[in-house]
Amino acid sequence: MIIELNLMGFQDQLRVKHENDRQLIFDSIRHKWLVLQPEELVRQLLVQYLLNEKGYSKNKIALEKLLIINNLERRYDILVYNADTSPFMLIECKAPNIDITDDTFRQIAQYNLSLNVPYLLVTNGIKTYCCRMDYTQKSYEFLPGIPNPH
């Protein structure tokens, strides 16, 4: 079930500048300028959507943190925490020209092995999918929208 998000509607919330022949975007969570790549644009637009449309707290969002999976270092894109600071939703962002495939879902499922979050979300800025995990039944359910913060 594809979730329709108008992420480009949040483009005016982004800070972009040119420096040394590079385009940079300001990451309001990590408070630093980053090279503007297509995946980074999707990540920053989704963060603005979560903050401004869904009412998530900036203090409950972590970006690109290290995970160790099978002795390999990996970085998740976005992890959202509950009010009690337990992991709530894991998010994988892709560039708009990258299709969301089974490999994308396998990647986020692998990242989730150590987190066991209730919700997984994947997006390329055009197509977005969110599912609720049921660990007792070992199943998942695709949702028609992104859950509200808890």
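Colleague: Is Asp21 buried or exposed?
Modeller: This is a predicted model. Asp21 lies in the loop between β1 and β2. Its relative accessible area is 87%. The cut-off for exposed is over 50%, so Asp21 counts as exposed.

Colleague: What is the phi of Asp21?
Modeller: Most residues other than glycine have a negative phi. Asp21 is not a glycine, yet its phi is positive, at about 60 degrees.

Colleague: Which are the edge strands of the open sheet of three strands?
Modeller: The strand order is β1-β2-β3, with antiparallel pairing. An edge strand pairs on one side only. That describes β1 (16–19) and β3 (32–35).

Colleague: What is the average twist from one strand to the next in that sheet?
Modeller: The sheet is open and has three strands. From strand to strand, the twist averages 40 degrees.

Colleague: Which residue in β3 is the bridge partner of Phe26?
Modeller: Strand β2 covers residues 22–27 and runs antiparallel to β3. Four bridges join the two strands. Across from Phe26, the bridge partner in β3 is Trp33.

Colleague: What angle does helix α1 make with β2?
Modeller: Helix α1 spans residues 38–52 and packs on the sheet. It touches β2 and β3. Its direction and that of β2 make an angle of about 25 degrees.

Colleague: How much space lies in the largest pocket?
Modeller: Rolling a probe the size of a water molecule over the atoms shows where empty space is left. For the largest pocket, that space is about 230 Å³.

Colleague: Which element gives the largest share of the lining of the largest pocket?
Modeller: The lining has 13 residues, with Phe105, Ala109, Leu120, Met133 and Tyr140 closest to the pocket centre. They divide into ten nonpolar, two polar and one charged. Elements giving two or more residues are α2 (102–112), β10 (128–134) and β11 (139–142). The largest share, five residues, comes from α2.

Definitions and conventions
Residues numbered from 1 in each chain as written. Predicted model: local features only at pLDDT ≥ 70, side-chain atom pairs only at ≥ 80, totals over all residues. Heavy atoms only, no water. Pairing = 2+ DSSP bridges. Axes fitted to C-alpha atoms, helices over the stretch in contact; angles between N-to-C directions. Contact = heavy atoms within 4.5 Å. 1 Å grid on protein atoms, 1.4 Å probe; cavity = no way out; pocket = protein on both sides within 12 Å on 5 of 7 lines; lining within 4 Å. Points joined across faces, edges and corners; volume = space filled by probe spheres on them. Nonpolar A, V, L, I, M, F, W, Y, C, P; charged D, E, K, R; others polar. Buried < 20%, exposed > 50% of the residue type's maximum accessible area, 1.4 Å probe, protein only.
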